[in-house]
Amino acid sequence: MQLQQLQYFVAVAETRHFTRAAETVHVAQPSLSQQIKVLERELGADLFQRARGNITLTDAGEALLPLARRILADADTARHEVLELVQLRRGRVRLGATPSLCTGLLPDVLRAFHDRYPGIRLMIEEGGSHDLVRELARGALDLALVVLPLPTASPALTTVELLREDLVVVSSPEAPRPGDGRRAVRIADLEGERLVMFRHGYDLRELTVAACRAEGFEPDFAVEGGEMDAVLGFVRAGLGMAVVPRMVAARSGRGLRVTPLARPGLHRTIALAHRSDVAPPRAARELQRMLLER
């Protein structure tokens, strides 16, 4: 018994016509009729009662029909499952993330993904949430790690909250301790301190500046305009202090003093985003699962 024979049998059973069934499965009608006869010989029973202009199922045909449909459905499922596994042997995932997440969150997850799927090429684009949302919307990215709330409402995107991360103050060990040496500092303690500040469009810049203004002062910048690695380097050199995610500080703590912020502190919410109207590719969905289960 062959899957092709079962496919021809189901087509005839559903159309009750050999010629129309042949057209449905894109085969010549004599070939279809021949395969049905072979199937009947193998089963030892007629499957159809053939009368001029009237094709009906026999009892044997009625018994076989639901089983044949189930077998064909299972075969189709197996084909798709194997195809998806094959696709995970090669291909690409285009992932966008803010620079701080590339430093703090992604290295361990991407290493685990690469170990499991070494044939998948990982293409990473760094940028602020605003830029990443735009790249997602135009189809240039499969997934993006963004900071909530999004800079502009985007109903075309689906977001899933990934984590809520504390921010901390980093400074050079040779510099005076922030907040008069207290174990935790307040945002208000940063008034008058020289800060190393990220470039415009950087989520952390906007969050830090907004927190300082909420306390009634404008932050004083010693250096501004850098990306994450540059900011940490300037802090190590003693040019000033900076507010960074705890995960980044933990990974880059060498040569840095890390001081927590006193309650309520500062936090940011990280979400995984993708387009709502297009399902991410299989490999991207697998990376999404690993990020959500981290």
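Is Arg16 buried, partly exposed or exposed? In this predicted model, Arg16 counts as partly exposed because its relative accessibility is 36%. Arg16 sits in the loop between helix H1 (3–15) and helix H2 (18–24), and although not a glycine, Arg16 takes a positive phi of about 55°. Most residues other than glycine have a negative phi.

Leu148 and Pro149 are joined by a cis peptide bond with omega of about -5°, and Pro149 lies in the loop between strand E5 (143–148) and strand E6 (157–171). A cis bond also runs from Arg263 to Pro264, with omega near 5°; here the loop is the one between strand E10 (257–260) and strand E11 (267–275).

Turning to the helices, H8 (residues 203–214) spans 17 Å from its first C-alpha to its last, close to the 16 Å expected for its 12 residues. Its buried residues include Leu204, Val209, Ala211 and Cys212. Cys212 has a relative accessibility of 0%, so it counts as buried. Cys102 is buried too, at 18%, and the structure holds 0 disulfides. Just after H8, Gly216 adopts a positive phi of about 95°.

On the surface, Leu3, Leu67 and Ile71 make up a nonpolar patch with about 240 Å² of accessible area together. Leu67 belongs to helix H4 (residues 59–87) and counts as partly exposed because its relative accessibility is 42%.

Notes:
Residues are numbered from 1 along each chain as its sequence is written. This is a predicted model: local features need pLDDT of at least 70, side-chain atom pairs count only at pLDDT 80 or more; totals for chains, interfaces and linings use all residues. Side-chain values use heavy atoms; hydrogens and water are left out. Patches are made of residues with over 30% relative accessible area and no salt bridge: like charges are joined within 9 Å, nonpolar side chains (Val, Leu, Ile, Met, Phe, Trp, Tyr) within 5 Å. Accessible areas come from the Shrake-Rupley method with a 1.4 Å probe; for residues, only the protein chains shown count as cover. A salt bridge is a side-chain nitrogen of Lys or Arg within 4 Å of a carboxyl oxygen of Asp or Glu. Helices (H or I, at least four residues) and strands (E, at least two) are DSSP runs, numbered from the N terminus. Buried means under 20% relative accessible area, exposed over 50%, partly exposed in between (1.4 Å probe, protein chains only). The expected span of a helix is 1.5 Å times one less than its number of residues. A disulfide is a pair of cysteine sulfur atoms within 2.5 Å.
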